[in-house]
Amino acid sequence: MKSSTITGFASAVLLVLLCGSTIALSFNGNDKTVIDTLAWTSDLSEIYSIIERNQIANTTIHLRSVTVFAPHNEAFLKSTKQENDDEYLPCYHITNVPMKLEQLGKSVFSELDGNPPMWITKKSSEEIYVNQAKVVYNLANYEHNNTFGKPQVLHVIDQVLQPLRMKKNSPQNVYNPNAWEFMENAEYLDLDSYHTNTFLQRVQTLDKKSVFSNQGGHTFFIPVDEVANYPKVRPEKIDVKVIDAHIVPDNVLFLGPTNEDEQFKTLAFTDMLKVLASFSKADEGDKIKYYVSSDTVVGDGVHPTGAVVAEIVKANIPVRNGVVHLISRPLMIVDNTVKQFIEQSYKDREDSVLHRFYEEIMNSGGDFLEKLGAMPNVTLFAPSNAALNDPSIQSYLTNRTYIRSLLDLHIVSRRLSIDDIVAESIDKVSTEVPRKDLFFNVVTNGKNRTLTLEGGGVNATVIQANLAATNGIIHIIDHVLGIPSSTVDRKLATDPTLNETNYLGQVSLLNDQLGDVQKRFTYFVPRDFAWKRLAIDNPSAYKKLFMPEYSNVARQILERHLIIADKAFTMDDFKREANNNYNLSVKLPTVRDVSMYIQIREAAEGYSIEWRGEWIHVHRSDVRCTNGIIHVIDKVLITDNDIEVNAAIATKSITALVLIMAQCLVFYYFN
């Protein structure tokens, strides 16, 4: 009995843990009216309390058919309480038509004065949002008639819905405005002291009122006049196309239900000019900041390609024809050089994304900024604050000379957007460091594309792409290039071009030793291209190497590529050894072949090694890891004899194993 009680308690605890922050209530077996359900459910006491205090909402829910979107108490704890909540919130969570989730359209009208809409986003049959709030699916579709027989429906939501509010003691009332009326009457609205006069004047001057008055459901990004520490844009830069770039037609995009980095066509997406918009976010200490990017993928003589990012300073403001987000600056306008972009993104703001990068530039002498300013065309891969705050690289940052040379690894003397890299199939570009290239890989997942790159042995991912400047493009990356932070095994596991070698190293257990920081490894690693080449040249050998029973063969072949010594060897080390040996072969003490010899050749395109009469290109040399160096090569060092001899051994081993198993079976059944 005691055991079953403990088991039951443990199961209950586990259920709570699995549910996480999901509210722990159920309507199963409930047979109360909606208002009584709110009154008797402790987790819904806050919404019940404000409805009860509001005469209109209280009367409505007792007398009429309604749908109630009820935030649970946890939602109220996360919401900032305001003086006029009792006036605005009760009726904005009620609509006078009973609707189950499957009956909801794109919007429903609330009972608040003017009947402003609540916008519905359906990501799936079970993931449904009302404005910014997500419906708690297992606490939705509760139906019951009220005491007058009127049908009512209750849905629990995870956030408090926030309607547009007027300023306290406003001399003019504004009910359910569209986006144009919102801007026109902004001085009467509670917008956290933000003003939108500059943008409004440009819309009026250029006769663009109609695009903000269009019926339907749209998304409007409205720049505020000025935000502290953000550069102010000259009003005349806001032209007709720029205004169009601030509207996403036919999509009502609240932050919660909208996928990060998903791109949407703006009104400025036409035959001659193509501008997309997307959301992103960043953790800034104890809070999350949200941003919108306009990405001009096809520009013209006035509007260059590239992205412009603005912070969303007040989000998710519902209006009659969609949703408004107030932003820190106009989109699409490019009026800074790369140098100015870095300087102004610093601007005494420790939360700016390039604050630490600017600090390291200045600590190393500052001439790097002058170099960027003098370059007519440049692409900068700028490490984020988090990248430069990584504890594993702090010891390197004290070497100012080293860091100054490292900064040049982050720039390319041409404009390169992600679209350029994809369209031109660019997989390698030269940097400002001689003989140090960047290697690109673009990963596509549905509509999203992610650019990864490798430079100086470090893999990085672009976390904010295509930021536009007058003389170039900025991509913000998540690691500092050139400072090793991974062991050899981790480098193999995280480099998308070394998947095949990494897989064989895992199944053959060779990778297990490559994380040893007490050893120094030099590894000639065949890239995926090399394995595809083997699959064409010798399909039988390729197929066998990837069979589990041939894992020992795969390991022996990989060991031919691996040197373990008291130091790791660069290609220059091998070249010096060859020079000392009158440019003859260099002996490599590999794990497999103690007496393996190669020759070294250096040309404009890089290094090559000669093995068994064939010259093999070193695709990437001197990829530094914390416990060794990787040289990525274009061919697998394998002979036909490797497979034939080891295959015979494997066959004999399997045959012997089958005979032993057969003998065991015979012994089991006949004894």
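User: Is Tyr-503 buried, exposed or partly exposed?

Analyst: Tyr-503 counts as partly exposed, because its relative accessibility is 37%. Buried means under 20% relative accessible area, exposed means over 50%, and partly exposed is in between (1.4 Å probe, protein chains only). This is a predicted model, in which local features need pLDDT of at least 70, side-chain atom pairs count only at pLDDT 80 or more, and totals for chains, interfaces and linings use all residues. Residues are numbered from 1 along each chain as its sequence is written, and side-chain values use heavy atoms, with hydrogens and water left out.

User: Which ring does Tyr-503 stack with?

Analyst: Phe-546; the two ring centres are 6.0 Å apart, with 10 degrees between the planes. Rings of Phe, Tyr and Trp (its six-membered ring) pair if their centres lie within 6.5 Å; planes under 30 degrees apart count as stacked, over 60 as edge-to-face and the rest as tilted.

User: What does that pair tie together?

Analyst: Tyr-503 is in helix 19 and Phe-546 is in the loop between helix 21 (539-545) and helix 22 (551-559), so the pair ties together parts that are 43 residues apart in sequence. Helices (H or I, at least four residues) and strands (E, at least two) are DSSP runs, numbered from the N terminus.

User: And Phe-546, buried or exposed?

Analyst: Phe-546 counts as buried, at 19% relative accessibility. Ring pairs also link Tyr-503 and Phe-546 with Trp-531 and Tyr-542 in a cluster.

User: New topic. Which residues of helix 13 are buried?

Analyst: In helix 13 (residues 367-374) they are Phe-368, Leu-369 and Leu-372. Down the helix axis, these buried residues fall within an arc of 100 degrees, so they line one face of helix 13. That arc is taken from the directions from the helix axis to the C-beta atoms.

User: What is on the face turned away?

Analyst: That face of helix 13 carries the exposed residues Glu-370 and Ala-374.

User: How confident is the model?

Analyst: The chain averages a pLDDT of 88, and 90% of the residues score at least 70. pLDDT is the predictor's confidence in each residue, from 0 to 100.

User: Where does pLDDT stay under 50?

Analyst: One such stretch is residues 647-660, with five contacts beyond four places in sequence. Another is residues 664-671, with one contact of that kind. Contact means heavy atoms within 4.5 Å. Where pLDDT is low, the predicted coordinates should not be read in detail.
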